[in-house]
Amino acid sequence: MSEKFIYLDHQATTPVDPEVFETMAPYFCQRYGNAASRNHSFGWDAEKAVDLARQKVASAIGAQAKEIIFTSGATESNNMAILGAARMYREKGRHLITCATEHKAVLDPMKALEHQGWDVTVLGVDDEGCLNLEELRQAIRPDTVLVSIMHGNNEIGTLHPVAEIGAICAENNVLFHCDATQTVGKETVDVGEMGIHLMSFSGHKIYGPKGVGALYVRRRKPRVRLEPVVYGGGHERGFRSGTLNVPGIVGMAKALEMSLELRETEQPRITALRDRLQAKLFTELDHIKLNGHPERRLSCNLNVSFAFVEGESLLMGLEGIAVSSGSACTSASLEPSYVLRAMDVGDELAHSSIRFGVGRFTTEEEVDEVARRTISAVQRLRAMSPLYEMVQEGIDLSTVNWSAH
Ligand SMILES: *Cc1c(COP(=O)(O)O)cnc(C)c1O
C-alpha cells in the first residue's frame with residue numbers, strides 16, 4: 001500500500017490534540033491524587049484541577065459550574081438523563097418523547113423504559129432528517145415528563161432547531177434533554193438561550209480523550225432532579241458516584257476550551273474542505289444523493305449515497321481511507337442505517353451511503369485524494385453493474401418487469 005492512511009471519520013471519534021495530551025500528562029504519574037481525598041495536598045491538587053475544568057466546561061455552554069456532572073462519556077450522560085428523569089418524575093407521568101434519528105444511547109434507554117411500563121413516542125423525520133415541530137407539540141400530553149432530541153445528528157449532520165424545541169418544552173412544562181455531543185465546541189450551544197434542562201456531551205468528539213463526558217443538569221428555573229443510575233460514595237452531588245477521572249476531565253476541559261478558541265478559523269476551514277469534497281463528487285458522478293439537510297447541518301459532515309454501488313464494495317475500494325458506511329454502521333448487522341431508513345432513503349441507497357467526516361487536521365491534499373479515489377472506485381464498480389448500464393441506455397428501471405421469464 002503506497003498511499004498513506006487518511007482519517008475522515010471525525011463523527012466517530014477524533015484524535016487527541018497534542019496540546020490536550022500535554023495538559024493531561026502530569027495527572028497520570030505526578031499529580032495523581034483522588035479529587036475526593038480531603039486530608040492531603042494530592043487530593044486538594046486534584047480537586048482544584050477538577051474545579052477549574054468544571055468552570056471551563058460550564059462557561060463554554062452558558063452554565064454554572066455546579067450544573068456540570070462529569071461522566072464516562074455521552075452514552076452514560078444520555079442514560080443518566082433519561083433513566084434518571086423518568087424514574088425521578090414517575091409520579092408526574094410515564095410518557096417520554098424522542099426522535100427516530102437519535103443516537104442508540106438515547107433510543108436504547110428509551111426502549112428499556114418502555115419494557116418497564118413507560119410510554120414512548122418516537123417522532124419521525126422528513127427526507128432531510130428534519131423534525132416537524134407541530135408534531136412535537138401535538139405529541140406532548142399531560143403525563144409527558146421528558147423530551148429528548150439531539151442537536152446535530154452524527155450520521156447525516158442535520159441540525160435540529162434546539163431553541164424552538166426548548167421553547168415548546170417550556171410552554172408545556174416538560175423537561176428537555178439534548179444530546180449535543182456533535183455540536184458542543186463547534187456550533188453555538190447555550191443552555192439558557194436554548195431552554196435546555198439536561199445536556200449530554202463527550203470528550204472524544206472534540207479532540208479530547210475517550211472515556212470522559214459530561215451531563216449538564218439545570219439547577220434553577222427549574223431545579224432538575226435525577227434518580228442516580230450509579231450509586232456509591234456520593235460524588236458529583238450524588239448524581240454519579242465513582243472516583244473522578246481527573247486526567248480525562250482536565251483533558252476534556254482543555255479540548256473544549258481549544259475548540260472554542262479555534263472555532264472562528266477552524267469551522268470555516270472545515271466547511272470549505274467539506275464543500276470542496278462535495279463539489280468534486282457531485283461534478284464527476286451522476287446518480288448520487290446528499291443525505292441530510294443541504295444547509296442546516298454540521299460543517300464537517302458529508303453523507304452521500306452512490307446509486308448502483310454496494311457500500312461494502314465501495315469501502316473496500318477505499319482501502320487506506322477511514323470513512324463509515326450506512327450499511328456497516330451498527331457493527332456486524334447487515335441492516336442499513338436506521339437513520340437513513342427513518343428518512344425514507346430506501347434500502348438500496350442506504351446500503352450505498354458513505355459518511356465523510358472532515359476534521360481539525362484534515363488537509364486539502366487529503367480531501368482531493370479522497371475525492372479522486374472515491375470517484376474512480378464508484379466508476380469502476382458501476383462499470384460492472386448491469387443496472388447502471390441499463391440506466392445509461394435510457395431504460396427506466398421502474399418499468400422493467402424483473403420476474404419475466
Ligand atoms: C459519539 C456519540 C455518542 C456517544 O458518546 P460516547 O462518549 O462515545 O459514549 C452519543 N451521541 C452522539 C450524537 C454521538 O455522536
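The shell around the ligand in this predicted model comprises two nonpolar, eight polar and two charged residues, where Ala, Val, Leu, Ile, Met, Phe, Trp, Tyr, Cys and Pro count as nonpolar, Asp, Glu, Lys and Arg as charged, and the others, Gly among them, as polar. The ligand is surrounded by Gly 73, Ala 74, Thr 75, His 103, Met 150, Asn 154, Asp 179, Thr 181, Gln 182, Ser 202, His 204 and Lys 205, a residue being counted as near if one of its heavy atoms lies within 4 Å. Residues are numbered from 1 along each chain as its sequence is written, and side-chain values use heavy atoms, with hydrogens and water left out. Local features need pLDDT of at least 70 and side-chain atom pairs count only at pLDDT 80 or more, whereas totals for chains, interfaces and linings use all residues.

Oxygen atoms of the ligand lie 2.5 Å from a polar side-chain atom of Thr 75, 2.8 Å from a side-chain N or O atom of His 204 and 2.9 Å from a backbone N or O atom of Ala 74. On its own the ligand has 380 Å² of accessible area (Shrake-Rupley method, 1.4 Å probe), of which the protein covers 89%.

The chain contains 13 helices and 13 strands, taken as DSSP runs (H or I, at least four residues, for helices; E, at least two, for strands). Its C-alpha trace spans about 80 × 55 × 35 Å along the principal axes. Of the 405 residues, 54% are buried, that is, under 20% relative accessible area with a 1.4 Å probe and protein chains only. The accessible surface of the chain is about 17900 Å², with 53% belonging to carbon and sulfur atoms.

Definitions and conventions: A polar contact is a pair of N or O atoms within 3.5 Å; within protein, one must be able to donate a hydrogen and the other to accept it, and residues adjacent in sequence count only if both atoms are side-chain atoms. Buried means under 20% relative accessible area, exposed over 50%, partly exposed in between (1.4 Å probe, protein chains only).
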